[in-house]
Amino acid sequence: MQRRIMRLAVALVTVTATIGLTTTVVTPAIATSTEEPVPVLTGPELSASWDAPLSTRGRYVVDADGDRFKLESANWDGAQGHWTGSGDKNDPANHNSGISHDIPMGLDRVPMATLMSDFHGLGLNSIRLSYSNEMLDMTAPVPDVAVAANPQLRGMTPLQVFDEVVEALTADGFAVILNNHTTTSRWCCGADDGNSKPYSSQTIEKWIGDWVMLTERYADNPRVVGMDLRNEVRRDILDDPNWGMGDKNDLYKSYQQAGIAIQKANPDVLVIMEGINWQGIPLDGFFHDRPHLKPVANLSNTLPYPDKLVYAAHIYAYTGPRHTGATGLGETHDPRYRDLSASELAAEVQRAAAFVTTTGQHYTAPVWFSEFGIGASDETGALDKAWWTNFTDVLVANDSDFAAWPLVTQADAAGTFADGYALLAYEPDGSKHSIADDWRYPQWRKLVTSDGKTGQVAPAVRWNMLGSDSHSPDTNASALMNDRPDWDPGRWKGTCPDSQRLVGVARSTNRALCTDNLQPGTTTARTVVGNEAHVQVDWASGYSKLQCPAGEMAVGFSLTTGTTNKWSTSKLLCAKSQTALPASQGRTLWFDQGDNRPVGGGSTASDWAPGKHKGQCADGEYVAGVAFTWKWNHGGVPDALLCKPLG
């Protein structure tokens with residue numbers, strides 16, 4: 001969301017990081033560009049150009065035919081609310097950038113069909129549609145003034161209007177991604193606005209339940225292609241978000257739980273996970289950072305349908321890698337993104353987020369830059385204008401998926417935008433203003449018409465990790481096992497997606513690696529192994545061993561979670577192959593004294609268990625057993641793997 005500014009409040013001994021917003025009303029500059037308009041697809045043409053549902057192959061989003069579907073998007077906001085949190089909510093003066101009435105912007109100014117046509121005119125194929133949890137529960141109809149240009153919407157609640165918007169967008173060929181922007185209908189983003197985390201102003205169960213409700217609500221509309229789990233998670237007055245600690249502030253945990261619940265409701269939708277927007281105290285001399293997706297490098301998410309995961313990040317000129325975005329009180333003296341040279345900005349974007357698109361790693365996935373933008377006014381500074389060019393050039397060079405913020409705002413009769421970052425604005429009489437009329441347009445046109453990967457995308461081998469170093473949550477990434485009784489009660493469990501097998505395990509933690517590389521099909525039968533009944537040859541003399549039955553491969557494992565002998569081996573979960581596996585005694589792979597991973601093997605350029613010894617079978621092998629001992633103070637943690645060939 002545009003123009004968030006950090007404010008610093010110090011009360012007694014409490015230092016509070018607060019993100020707020022100062023609105024600057026601007027009038028767009030007259031265009032000096034002679035650029036041709038972007039090529040436009042009509043609704044029927046866009047509809048015919050792609051087939052739902054969307055999935056991922058490596059770093060790319062693809063449609064149902066396996067063709068690249070680059071997310072060329074914008075944010076249609078309003079349903080998350082614009083109220084600033086003080087004063088009469090019905091007074092437009094108390095709204096950040098035009099009163100929205102908790103519905104998407106523009107419905108008061110022009111008919112829905114006009115909006116659809118104008119969206120096509122920008123070269124878009126997809127819309128990020130924000131909402132608040134509060135909006136979902138509103139029962140009062142929107143006032144007639146909110147839908148003055150769309151009288152067919154009169155008498156509807158905000159959610160019913162939202163339904164109509166979704167239907168109009170998808171009928172016109174747009175892919176729709178729902179975005180849980182806020183909990184309350186108060187404008188994001190401040191430490192005290194009740195919106196900083198998924199559980200803010202609600203329970204985590206309510207947040208997940210709302211996602212399941214929306215997933216089921218639109219399950220029959222395949223062009224509702226994705227669920228963007230939460231917007232800009234950040235510090236509030238007391239709590240910092242984290243990635244993997246297992247507590248209430250663990251965003252990785254929240255995403256895992258919500259992603260699994262959504263995929264149970266509809267396995268066809270994309271699940272989109274934005275990184276941590278802000279950690280720490282926004283004051284020089286104190287720790288503070290804008291992590292983005294950096295934690296994913298060592299802890300990535302694994303869902304039952306792993307070809308549905310997309311990561312996201314937001315980049316604005318006035319913020320920075322460690323800069324709050326504030327001016328004056330609450331400002332830190334770190335560089336802003338606009339202070340970076342073109343090469344420095346490209347390197348920082350790569351370090352913060354774009355690295356996730358690197359092929360062959362446990363974290364490999366598409367990255368959607370789901371918010372970026374700049375004001376169109378004459379007052380925009382030289383550094384901001386340079387940033388717009390430099391950042392859009394980074395998106396072009398990286399062939400990145402993107403979504404500009406925001407899509408629609410109100411304008412007054414003089415053409416003054418309520419939100420200067422908007423791509424489109426409408427005066428009270430419906431007169432339109434567009435990015436095509438201002439200085440930003442040459443780069444916008446370059447962005448939406450740039451060359452990139454098109455056509456068929458070859459299926460990519462997947463590597464996915466289990467575990468987070470915390471006993472909560474289990475990484476139950478198996479759709480089969482999520483519908484079955486707990487196969488090892490009281491233990492931490494990691495299960496690979498049903499399309500994958502276990503290929504690596506770490507010591508003294510719960511990290512592991514799965515893959516579908518050369519994966520043979522498996523039956524739906526699963527065998528829980530808790531003793532040596534299937535051991536035929538002593539492949540780890542003097543060690544206790546768990547071994548899958550002949551013809552089966554390990555697809556999961558469980559560990560103890562107590563303070564004594566934590567992460568000691570408990571059980572293996574095995575799956576029978578649909579095709580015969582070679583008769584082989586296999587080989588013993590020890591990793592009790594150091595890493596033992598195949599040179600050039602999958603996900604070996606990234607660390608899926610930092611600081612821990614790891615054992616990883618070769619790419620053409622599967623884990624058939626694990627060995628452990630209580631001797632020599634080893635504590636029963638995994639020490640060796642039995643690796644057998646797939647063919």
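Let's start with a helix pair: H7 passes H8 in a right-handed crossing. This is a predicted model, so read everything below as geometry computed from predicted coordinates.

**Two helix pairs**

H7 covers residues 342-352 and H8 covers residues 382-398; their axes come within 10 Å and cross at roughly 45°. The two helices are therefore oblique to each other. On the H7 side, the residues that touch are Ala342, Leu345, Ala346 and Val349, and they meet Trp387, Asn390, Phe391 and Val394 of H8. By class, that contact comes to 7 nonpolar residues, 1 polar and no charged.

Earlier in the chain there is another pair to look at. Helix H2 (residues 112-121) and helix H4 (residues 158-171) have axes that come within 10 Å and cross at roughly 45°. That angle makes H2 oblique to H4, and the crossing is right-handed. Here Met112, Met116 and Phe119 from H2 meet Glu164, Val165, Ala168 and Leu169 from H4. The class count for this contact is 6 nonpolar, no polar and 1 charged.

Here are the two pairs laid out in a table.

| Helix pair | Axis crossing angle | Axes come within |
|---|---|---|
| H2 (residues 112-121) and H4 (residues 158-171) | roughly 45° | 10 Å |
| H7 (residues 342-352) and H8 (residues 382-398) | roughly 45° | 10 Å |

**Empty space**

Rolling a probe the size of a water molecule over the atoms shows where empty space is left. So what turns up here?

The largest pocket holds about 550 Å³ of space. It is lined by 26 residues, and those closest to its centre are Leu41, Lys70, Glu72, Asn125 and Val448.

As for cavities, searching the whole structure gives 5 of 30 Å³ or more. The second largest cavity has about 70 Å³ of space. Of the 14 residues lining the second largest cavity, Val505, Phe557, Leu572, Val626 and Pro638 are the closest to its centre. Which strands supply at least two residues each to that lining? They are S21 (501-506), S25 (552-559), S26 (569-577), S29 (621-628) and S30 (638-645). Sorted by class, the lining of this second largest cavity has 10 nonpolar, 3 polar and 1 charged residues.

Most residues other than glycine have a negative phi, and most peptide bonds are trans. A few spots in this model are worth a look with that in mind.

Ala52 and Pro53 are joined by a cis peptide bond, with omega about 0°. Pro53 sits in the loop between helix H1 (43-48) and strand S3 (55-57). Another cis peptide bond joins Ser472 and Pro473, and omega there is about 5°.

You'll find Asp102 in the loop between strand S5 (72-76) and H2, and H2 is the helix whose axis crosses that of H4 at roughly 45°.

Definitions and conventions. Residues are numbered from 1 along each chain as its sequence is written. This is a predicted model: local features need pLDDT of at least 70, side-chain atom pairs count only at pLDDT 80 or more; totals for chains, interfaces and linings use all residues. Side-chain values use heavy atoms; hydrogens and water are left out. Axes are lines fitted to C-alpha atoms, for helices over the stretch in contact, and angles run from 0 to 180 degrees between N-to-C directions. Helices (H or I, at least four residues) and strands (E, at least two) are DSSP runs, numbered from the N terminus. Angles under 35 degrees count as roughly parallel, over 145 as roughly antiparallel, 65 to 115 as roughly perpendicular and the rest as oblique. A crossing is left-handed if the near helix is turned anticlockwise from the far one by less than a right angle, and right-handed if clockwise. Contact means heavy atoms within 4.5 Å. Ala, Val, Leu, Ile, Met, Phe, Trp, Tyr, Cys and Pro count as nonpolar, Asp, Glu, Lys and Arg as charged, and the others, Gly among them, as polar. On a 1 Å grid over the protein atoms alone, a cavity is a set of points where a 1.4 Å probe fits but cannot get out, and a pocket is an open set with protein on both sides within 12 Å along at least five of seven lines; lining residues have an atom within 4 Å of a point. Grid points are joined across faces, edges and corners, and a volume is the space filled by probe spheres set on the points.
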